[in-house]
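Please open the model in a viewer and keep a selection panel at hand.

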Amino acid sequence: MTAAEFREMARAEGVSESAIEREIAMHDKFIRMGMQPASYEEMIAAIRTKSCVAIFESSLNS
């Protein structure tokens, strides 16, 4: 998923523009630092479930 697709889906979930921009900036910063950020798909799943714990745990198990 691209940043533009994430932005569109996050808007549809009711996320504010400033929060969307922060998430994209953090995602890009992690990539620049050579780290593996949560995917945009994982972020959308966390938004939908209102919890990042389950998403985090599932990413550790995969």
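**Conventions**

The model is predicted, with local features requiring pLDDT of at least 70 and side-chain atom pairs counted only at pLDDT 80 or more, whereas totals for chains, interfaces and linings use all residues. Residues are numbered from 1 along each chain as its sequence is written, and side-chain values rest on heavy atoms, with hydrogens and water left out.

**Stop 1: the core**

Select F6, A10, I20, I24, Y40, M43 and I44, the seven residues that form the largest nonpolar core. Such a core is a set of buried Ala, Val, Leu, Ile, Met, Phe, Trp, Tyr and Cys residues joined through side-chain atoms within 4.5 Å. Buried denotes under 20% relative accessible area, exposed over 50%, and partly exposed the range in between, with a 1.4 Å probe and protein chains only.

Now colour by helix. Helix 1 (3–12), helix 2 (17–32) and helix 3 (40–49) each contribute at least two residues to this core, and helix 3 contributes the most, with three. Helices are DSSP runs (H or I, at least four residues), numbered from the N terminus. In soluble globular proteins, nonpolar side chains tend to be buried together.

Centre the view on I20. When its neighbours within four places in sequence are set aside, I20 is in contact with F6, R7, A10, R11 and V15; contact means heavy atoms within 4.5 Å.

**Stop 2: along helix 3**

Show the side chains of Y40, M43, I44 and A46, which are buried in helix 3. Because they span an arc of only 160° around the axis, these residues lie on the same side of helix 3. The arc is taken over the directions from the helix axis to the C-beta atoms. An α-helix has 3.6 residues a turn, so residues three or four places apart point the same way.

Step past the end of the helix: K50 follows helix 3 and has a positive phi, near 65°.

**Stop 3: the aromatic pair**

How many aromatic pairs does the structure hold? There is one. Select F6 and Y40: their ring centres are 4.9 Å apart and their planes lie at 25°, so the pair is stacked. The criterion covers rings of Phe, Tyr and Trp (its six-membered ring) with centres within 6.5 Å; planes under 30 degrees apart are stacked, over 60 edge-to-face, and the rest tilted. The pair links distant parts of the chain, with F6 in helix 1 and Y40 in helix 3, 34 residues apart. F6 is buried at a relative accessible area of 1%, and Y40 is buried at 5%.

The side chains of H27 and Y40 are joined by a polar contact of 3.3 Å. A polar contact is a pair of N or O atoms within 3.5 Å; within protein, one must be able to donate a hydrogen and the other to accept it, and residues adjacent in sequence count only if both atoms are side-chain atoms. H27 counts as buried, at 11% relative accessibility. Beyond its neighbours within four places in sequence, H27 is in contact with P37, A38, Y40 and M43.

**Stop 4: the salt bridges**

A search of the whole structure finds three salt bridges, each defined by a side-chain nitrogen of Lys or Arg within 4 Å of a carboxyl oxygen of Asp or Glu.

- Select E21 and R7, whose side chains meet in a salt bridge at 2.7 Å, N to O. E21 belongs to helix 2 and R7 to helix 1, so the pair ties together parts 14 residues apart in sequence. E21 is partly exposed, at 38% relative accessibility.
- Select E17 and R11, which form a salt bridge with their closest N and O atoms 2.5 Å apart. E17 is partly exposed at 38% relative accessibility, and R11 is partly exposed at 44%.
- Select E13 and R48, which meet in a salt bridge of 2.8 Å, N to O. E13 lies in the loop between helix 1 and helix 2 and R48 in helix 3, so this pair ties together parts 35 residues apart in sequence. E13 is partly exposed, with a relative accessible area of 32%, as is R48, at 48% relative accessibility.

**Stop 5: two further residues**

Select D28 in helix 2; D28 is partly exposed, with a relative accessible area of 32%. The C-alpha atoms of D28 and M9 are separated by 18 Å, and the two residues are 19 residues apart along the chain.

Finally, select F56 in helix 4 (residues 53–61). Is F56 buried or exposed? F56 is exposed, with a relative accessible area of 52%. From F56 to R32 the C-alpha to C-alpha distance is 21 Å, across 24 residues in sequence.
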